[in-house]
Amino acid sequence: MTSTQTPETASYKPVSFSQTTITELMIPSYSNFGGKIHGGILLSLMDKVAYVCAAKHAGNYCVTASIDAVNFLEPVEVGELVSLMASINYVGNTSLVVGIRVISENVKTNKVKHTNTSYFTMVAKDEQNKTVKVPGLILETNDQIRRFIEAKSRKEIKENYRKEVEQINVPINNELCMQELSGERCIISA
Ligand SMILES: CC(C)(COP(=O)(O)OP(=O)(O)OC[C@H]1O[C@@H](n2cnc3c(N)ncnc32)[C@H](O)[C@@H]1OP(=O)(O)O)[C@@H](O)C(=O)NCCC(=O)NCCS
């Protein structure tokens with residue numbers, strides 16, 4: 001945990017080593033019928049920047065294991081310049097959490113808006129497609145320390161949530177169904 005070097009910590013890398021930014025102009029073919037940029041275009045760019053950042057840190061191929069909730073705060077317009085800034089927030093054993101901040105700039109007015117921040121969990125794999133250990137992370141700023149601890153907390157919350165979801169088991173029982181569905185906007189026609 002301190003900066004003292006041991007054979008194990010010799011392979012640690014600083015966050016700055018893999019920080020990556022992708023910038024792309026939003027062209028008309030990226031838009032939906034409402035004239036705004038498709039959410040899927042942004043997700044694809046986010047996956048790309050997460051991959052580059054994770055692979056740089058891992059020194060290996062990485063796959064996307066999961067994506068935390070992606071909330072689009074503002075629509076992105078055709079003609080805007082989108083920048084996606086990625087950095088490693090947390091490393092586990094074979095997994096890494098990449099934090100991505102997405103901003104969009106109107107190139108005529110230079111007005112910049114924050115469209116979303118998301119977290120991608122990537123897992124490193126070797127050439128035999130086996131999961132492989134990733135280098136540890138050197139935290140050099142208070143923000144990097146905060147992001148590491150926040151990512152660790154989110155991981156614990158997700159694990160508890162996953163366990164709770166696994167417990168959900170709805171027996172098809174008329175009385176229980178009627179109780180659960182009371183006030184909901186559905187009609188049973190089965
Ligand atoms: C993600 C994947 C590598 C996990 O494989 P696995 O055999 O379950 O591996 P393990 O259980 O040993 O977990 C490996 C690591 O991944 C993490 N992990 C696995 N599933 C996860 C999930 N859904 N969300 C977050 N982390 C996950 C584990 O916590 C573990 O982290 P750690 O080593 O840092 O402790 C595997 O399911 C996979 O290859 N999935 C397909 C990924 C892919 O193709 N993505 C692109 C989609 S098109």
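## Strand 3 against strand 6

Tyr61 has Lys125 as its bridge partner in strand 6, where strands are DSSP runs of E of at least two residues and helices are runs of H or I of at least four, both numbered from the N terminus. Strand 3 and strand 6 (residues 112–125) run antiparallel and are joined by 6 bridges; two strands count as paired if DSSP finds at least two bridges between them. The model is a predicted one, in which local features need pLDDT of at least 70 and side-chain atom pairs count only at pLDDT 80 or more, while totals for chains, interfaces and linings use all residues. Residues are numbered from 1 along each chain as its sequence is written.

## The sheet and its hairpins

The open sheet has 5 strands in the order 2-4-5-6-3, with antiparallel pairing. Strand 2 (20–25) and strand 3 (61–67) are the edge strands, each pairing on one side only.

Strand 4 and strand 5 are joined by 11 bridges and form a hairpin with 3 residues between them; within this pair, Tyr90 stands opposite Val97 of strand 5. Strand 5 is also joined to strand 6 by 11 bridges, in a hairpin with 5 residues between the strands, where Asn110 in the turn has a positive phi of about 65°. Leu96 stands opposite Met122 in strand 6.

## Helices

Just after helix 4, Gly183 takes a positive phi of about 85°.

## Surroundings of the ligand

The residues around the ligand include Val63, Thr64, Ala65 and Ser66, together with Thr121, Val123 and Thr131; a residue is near the ligand if its C-beta atom, placed from the backbone, lies within 6 Å of it. Strand 3 gives the largest share of this shell, 4 residues, and strand 3 and strand 6 each supply at least two.

By class, the shell has 3 nonpolar, 8 polar and no charged residues, where Ala, Val, Leu, Ile, Met, Phe, Trp, Tyr, Cys and Pro count as nonpolar, Asp, Glu, Lys and Arg as charged, and the others, Gly among them, as polar.
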